[in-house]
Amino acid sequence: MSLFAATGLAVASAWAVYGVGAALILAGALGVVLLHNPVHCALSLVTTIFGIALLFIDQGAYFLAAVQVIVYAGAIVILFLFVIMLLGVDKREARVAGQASSMVPLAVTVGLVAVIELLVLVRVHYWATGAKTTTGSLSGAGADVQKLGQSIFTSYLLPFEMTSALLVIAVVAAVTLVRRGGAPPPQAPPRKAAAALRPPARAPEAPSGATTAARQPASAGRPAAASSTRQEQAG
Amino acid sequence: MSVPGPWYLVLAAVLFGIGATGLVARRNILVMYMCIELMLNAVNLTFVTFARMLNDIGGQDAVFFILVVAAAEVVVGLGIIVAIYRRRAGATADDVNSLKG
Amino acid sequence: MVNAAYVIVALPLLGFAINLVLGRRLGEPLAGWVGTAAAGGSFVAALITWVAMLGKPATERVADLSILSWIPVAGLHAGMGLWVDPLSLTMVLFVTGVSTVIHLYSIGYMHRDPGFARFFVYLNLFLFSMVVLVLADNFLFSFLGWEGVGFCSYGLVGFWFQREVAAVAAKKAFVTNRVGDVGFLIAIFFIFDHFGSLNYSTVLGTLVGGHPTGLMAGAPGAIAGSTATAITMLLFLGAIGKSAQIPLYIWLVDAMEGPTPISALIHAATMVTAGVYLMSRVAPLLHYAHATSWVIVSFGTGSAFLAATIACAQDDIKKTLAYSTISQLGYMFMAIGSGDYAAGLFHMMTHAFFKALLFLGAGAVIHAMADRQDMKQMGGLARYMPLTAITFGCGWLAISGIVPFAGFWSKDAVLEGVWQMNKVLWGIGAFTAGLTAYYMSRQVALVFTGQARWREARPVPLEAHDAGGHDAGGNEAGGHDGASQRGLPAPAHGGEPHDATWTMSLPLVILAIASVLGGGIDFTAFGHFDFLTRFLSPIFPTATTITVSTATKWTLSLVTLAICLVGLTLGLRTWRTAEHPQLEPTFLRRAWFIDDTVAATVNGPLRAGAAVLAFVVDRGIVDGAVNGIAGLLEASGRVARRLQTGYLRTYAIGIGVGLVVVLAYLTFRVGS
């Protein structure tokens, strides 16, 4: 590993970054799993996400780190919190009879075994054939955003378009699911968030911010209302 | 210059394991969903690590798409959860078992 | 010689195809003429081939013509080809000749039968199969023809399948044949095992430049005696089945349910002679298998005697002739067994002539008697059916062995060979000849002489008849057996029995001439007229030389003639009146109770065995297995259903466990 040719300080700092990131990640993960209050779990999730973003930056995926924070912490976790508030989930999970207690040991076992196997595989790493994809190398001139953009818009154009279609479908599905014959759909986040981010070159769904989206519940037509969720994720 | 790749892989593996365990161990549907997100993040970390190890941008492309799809999935999933659970307070995953064969 | 041989085989096949596709549209009688033309053309082609063959020197008259390669598999190269030599050509000649005549007869006989076209389809197919059997150049192709004639026999015996008796008889014929075919098949396996090939040229040897090679040369040590015995015994088993010898003769009598032309063609002249042909063909093998020769002679003698005794007590005109066929086939086998192949084939030819004649004449009589077959209810028909009577009489004299008719010469040829082999067997053979004369005379007396018992006979039940068996219609018609049972209008004619139309009478005349003059084929007694023997001798170098002195020959002939004359007069005299119950003991009437024994065996143990197989094995085990599998699947489904708990987390953990398993597989694969 010629990486150790660098100075001791660089090495130490690299390990420090790694350590911090790992600590954040693991703390957050354990928090999600072990804490009782769902809101606390959501906050732990945010911690994990930050840790992951840190490690992304550490590995040179700057763009992805930014996107990670924006999308995950800024949108997904927010959504989670909205739903928690909306449904009024209890602070405590009631211990009801049924599937409950018997699952935990089994779950722990399964998790441990999975981890161990993964570790073994990591150790052996026989899967690294060294074959390259056609997408282009990571090192080299240019920022990673540029390389990422180039590969997405040339090699992976079709998946890209398909994911955009997927997003549209997801929006339609969400609206359809929660509309129930006149029942009002859940409240949208405030308008400023919707206006803050305009999708740069996005598909022509007109964002109106209003959530009185849909026409008929079962139709698959293009909705006039794009939820802010979709908007924020489109960045 | 940076920590060798397998360390990240190990971390991702552990994160995945925690997520998996949590998914099965928790009963609150939203917490289960968060554990799914943990697993997705673990995968993202793995991909980025491999992108670096194999010097290939394809890993980051994968992360990109995974992010998009995860977001869409969360949208739809939360929609389903809301549709099912809005009536009841304190509903858990065990209460929805009408698919029992 | 070459091209005509293909035509022999091709024409009946063509006729079959035409009648199969267009027969119903051609209708009668055109379909019949197509069939007859095919048979006739085949006969002409056979004649041409024969003439061409005569043009070659006697020692080069063997041709192996290949048509196509049929089964080229790992060491077995069975093709379809023709083996044209004096033996096969002799067979083809009389087979196609008699076939043509009978085709012609059938046009008239099957008049107004709804299955007219189907009849000729079968007939041509039968002719094709028989020709293939005889002309094939390897055992497998011949077996194909063998099975083909068996199938056609089934289809034709059961031609009027709406009658249950006919259908049962057809089934019996086929199944009994099958029992014999097992022998043939196993023999083929043995042959292949020993010789590595099924071609006649390889197995039996051939004539090369005038010299017999291979087994034909009779070289010692060419094949072990035990192997040859096994092969020939098994082949003889097949021959027993096909040629209705003890113990597989029981089908031939029931096969009389078929139309009379079929009885004449298949069960007298051609198919039943296939067994004789087969044993003649493997003469080189028989040379090494003395035990088999004795077995053949014994079975032949036994069958001849047994059938003759039974024929003495039968009332049905066709059944008498059927037993007579079995008896005469026994004679042929006696000749084969004694090594005098030419004599056996000579008798086969003459028998074809006179037996076909007798059957066809019987058909005419049956038609005239409005489908009654009971001889006790006939009588005095000579006055009304003179042509039929005369021709029938020719056949009668021929079969009775009266000089100078054909049967005399051929029977004597056979008995000479038997005398050389064993005097006792000769004695039985001679006595049987007397019995033959007796029962045939009985038949002639009952049918053609004496009072006209049919005038007082009860009318046939299904239609309105007057006492003579005619309805009020008055149209001319052909003849058919069992027409009343078929529900067809009974043949109506002028008022009294009379000779049939020209299509039916001409064959009778032809065959009568052949019966009279047929002895000319092989006058062994007179030295230079033994055409057949000389024609066949190159291919039977291993045949037994008859060393009986001429004086002894004449003596034997005269003795046999005397016995036959005695039998003849006895028959004629006694049976001027129809009531002689003491001469017809039940033992003989019921065919020595053999059929009844077989039926009892089949009905008893075999039926019980079949019941076990049907109910226990099939329903219990096989169906049980199948249903059991279904039940098992259902039960396992019910168990597996419990996986569908409906709980989200169970599914999640299922995914987790699956993930663990996959990872485990990957992990452990790493080491390999």
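Of the 235 residues in chain A, 31% are buried. Among contacts in chain A with a separation of 6 or more, 55% are between residues 24 or more positions apart.

The confidence of the prediction should be kept in view while reading chain A. Its mean pLDDT is 73, with 59% of the residues reaching 70 or more. Among the elements of the chain, helix H2 (residues 38–58) has the highest mean pLDDT, at 94, whereas helix H8 (residues 228–234) has the lowest, at 43. Over residues 201–235 of chain A, pLDDT stays under 50. For that stretch the model has 67 contacts beyond four places in sequence.

The next subject is the meeting of chains A and B. Here 87 residues of chain A are in contact with 68 residues of chain B. On the chain B side, the elements that contribute two or more residues are helix H1 (5–25), helix H2 and helix H3 (58–85). H3(B) provides the largest share of that side, with 21 residues. Sorted by class, the side of chain B that touches chain A holds 45 nonpolar, 15 polar and eight charged residues.

One pair of helices shows this meeting in detail. Two packed helices are described by the angle between their axes and the distance between the axes. For helix H3 (residues 62–87) of chain A and helix H2 (residues 29–53) of chain B, the angle is about 175° and the axes are 11 Å apart. Because angles over 145 degrees count as roughly antiparallel, H3(A) is roughly antiparallel to H2(B). From H3(A), the contact is made by Leu64(A), Ile76(A), Phe80(A), Val83(A) and Ile84(A). From H2(B), the residues that make the contact are Leu30(B), Met34(B), Glu37(B) and Val48(B). By class, the residues of the contact of H3(A) with H2(B) comprise eight nonpolar, no polar and one charged.

Trp7(B) and Thr49(B) are 42 residues apart in sequence, and their C-alpha atoms are 9.3 Å apart in space.

Chain C has 25 helices and four strands. Of its 672 residues, 54% count as buried. When contacts in chain C between residues at least 6 apart in sequence are considered, 79% join residues at least 24 apart.

Two of the strands of chain C can be followed closely. Strand S1 (residues 63–73) and strand S2 (residues 76–84) run antiparallel and are joined by nine bridges. Ser69(C) stands opposite Gly79(C), which belongs to S2(C). The two strands form a hairpin with two residues between them. In the turn, Ala74(C) has a positive phi of about 30°.

Most residues other than glycine have a negative phi, and most peptide bonds are trans. The loop between helix H8 (225–242) and helix H9 (250–254) of chain C contains Pro247(C). The peptide bond from Ile246(C) to Pro247(C) is cis, with omega near -5°. Ala244(C) is also placed in the loop between H8 and H9 of chain C, and its phi is near 55°, a positive value in a residue other than glycine. Ala244(C) counts as buried because it has 30 C-beta neighbours inside 10 Å.

A further positive phi, about 60°, is found at Phe593(C), which is not a glycine. This residue is in the loop between helix H23 (586–589) and helix H24 (594–640) of chain C. Phe593(C) has 13 C-beta neighbours inside 10 Å and therefore counts as partly exposed, whereas Ala244(C) counts as buried.

Conventions: Residues are numbered from 1 along each chain as its sequence is written. Chains are lettered from A and ligands numbered from 1 in the order in which they are written. This is a predicted model: local features need pLDDT of at least 70, side-chain atom pairs count only at pLDDT 80 or more; totals for chains, interfaces and linings use all residues. Axes are lines fitted to C-alpha atoms, for helices over the stretch in contact, and angles run from 0 to 180 degrees between N-to-C directions. Angles under 35 degrees count as roughly parallel, over 145 as roughly antiparallel, 65 to 115 as roughly perpendicular and the rest as oblique. Two residues are in contact if their C-beta atoms, placed from the backbone, lie within 7 Å. Ala, Val, Leu, Ile, Met, Phe, Trp, Tyr, Cys and Pro count as nonpolar, Asp, Glu, Lys and Arg as charged, and the others, Gly among them, as polar. Two strands pair if DSSP finds at least two bridges between them. pLDDT is the predictor's confidence in each residue, from 0 to 100. A residue is buried if 20 or more other C-beta atoms lie within 10 Å of its own, exposed if 12 or fewer, and partly exposed in between; C-beta atoms are placed from the backbone.
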